[in-house]
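Q: I am new to this structure and would like to learn how its features are read. Could we take them one at a time, beginning with the way strands are joined?

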Amino acid sequence: MKKRYIFSILLLSIAFSCVSTVSADVSLSWGPANETGAIFEWTIDNLADENDTTSWEWPYLGMTLAEGEKIKFEWKEFNKTLIEITKDTPSTGIPFYNWSSIEVTVGDTKADENESKALMCLVLPVYLHYSGGVVSGIKLMEGYWHNSYPLPLSSMSESVWNLNVEKDTAELEVIGENAEDGDEVNAWITTVQTAMWPNGTEMPGDPPGKPMGYAGDQLHMAFDLTIDAKHGVIKTIDYPSTHPQTTPNSTYPYIKYPVIANNATDLTNGLKTLEISLDTDLTGDWPAAAPGFEIAIVTTSFVILAALISRRRKK
């Protein structure tokens, strides 16, 4: 009987050692700092236009930004449902603006519906449900940004602005429930614009069947972003971008790809400097890990152990 008892303990030890960790029950698209009534505020710390004036009218938003002003984002109504993204979504855009009610204020000006759609990008979904699984919403927004947050005065929103994310900082294992307080995702707001000759005329793209050498449309890195990896809230916005440029094209040495946007680029026309930072302290934790099959294993194991001990005592 003693050998049977020792053998049973050995089996229990093996069972405990094989128990896997169950991940948290992720039920939110947005981070835990988001809830009905939640307010996020940013300060425009530094701003200068091409004339060194401390205000700038954003051409594609139709709203003036001024140094020292606050930007306020408030969830008037927050829906905690995990958003399902389907494969045909890119053609229609993700209707985040129909999903919940928000109010955005810049300085003393309340953003209208179209301006609010554009500025919803200040708070990003950390997770999205896609093809039967949970994926990094921050990464997936690279493909949906321009449809989800259209600039109201832009006739070519898909070319005017988008999001580029540093992949390593936005993988599932380092964001959301897996992120520590203060962890960040690095990203950039980008724009696509036709390359220009030095005289200001557009440089044509590569014609079919012709040798490479024409610059065509180029990716411009406009704004540097840092995004809170736990909550999905943009923490800083800085212009001009500090993203490194690649080696100049050998045929056209004045062309670089990606290009750092200047104040002649459509998205940043007339802007010289812009620095925005988050004032709000982000709080809240993701849902605790849900009980998994290991609870049943542990419970059953203790029942077996108790039975073995009881039988040993009776004998």
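A: In this predicted model, strand 5 (residues 84-85) and strand 8 (residues 127-130) run parallel and are joined by two bridges.

Q: Which residue in strand 8 does Glu84 stand opposite?

A: The residue opposite Glu84 is His129 in strand 8.

Q: In which sense do strand 8 and strand 9 pair, parallel or antiparallel?

A: Strand 8 pairs with strand 9 (residues 133-136) in the antiparallel sense, over four bridges, and within this pairing Leu128 stands opposite Val135 in strand 9. The two strands form a hairpin with two residues between them, and there Ser131 takes a positive phi near 55 degrees.

Q: Which residues have the most contacts inside the largest nonpolar core?

A: The core is read as a set of buried nonpolar residues joined through side-chain atoms within 4.5 Å. The largest one here has 69 residues, and those with the most contacts inside it are Phe40, Trp42, Trp75, Trp161, Phe223 and Leu267. Leaving aside residues up to four places away in sequence, Trp161 touches several others, among them Trp58, Trp145, Tyr149, Ile189 and Leu267.

Q: Where is Lys230 found, and is Lys230 buried or exposed?

A: Lys230 lies in the loop between strand 12 (217-228) and strand 13 (234-239). A residue is called buried under 20% relative accessible area, and Lys230 has a relative accessible area of 7%, so Lys230 is buried. Residues that Lys230 touches, not counting those up to four places away in sequence, include Pro32, Val126, Asp181, Asp285 and Trp286.

Conventions:
Residues are numbered from 1 along each chain as its sequence is written. This is a predicted model: local features need pLDDT of at least 70, side-chain atom pairs count only at pLDDT 80 or more; totals for chains, interfaces and linings use all residues. Side-chain values use heavy atoms; hydrogens and water are left out. Buried means under 20% relative accessible area, exposed over 50%, partly exposed in between (1.4 Å probe, protein chains only). Contact means heavy atoms within 4.5 Å. Two strands pair if DSSP finds at least two bridges between them.
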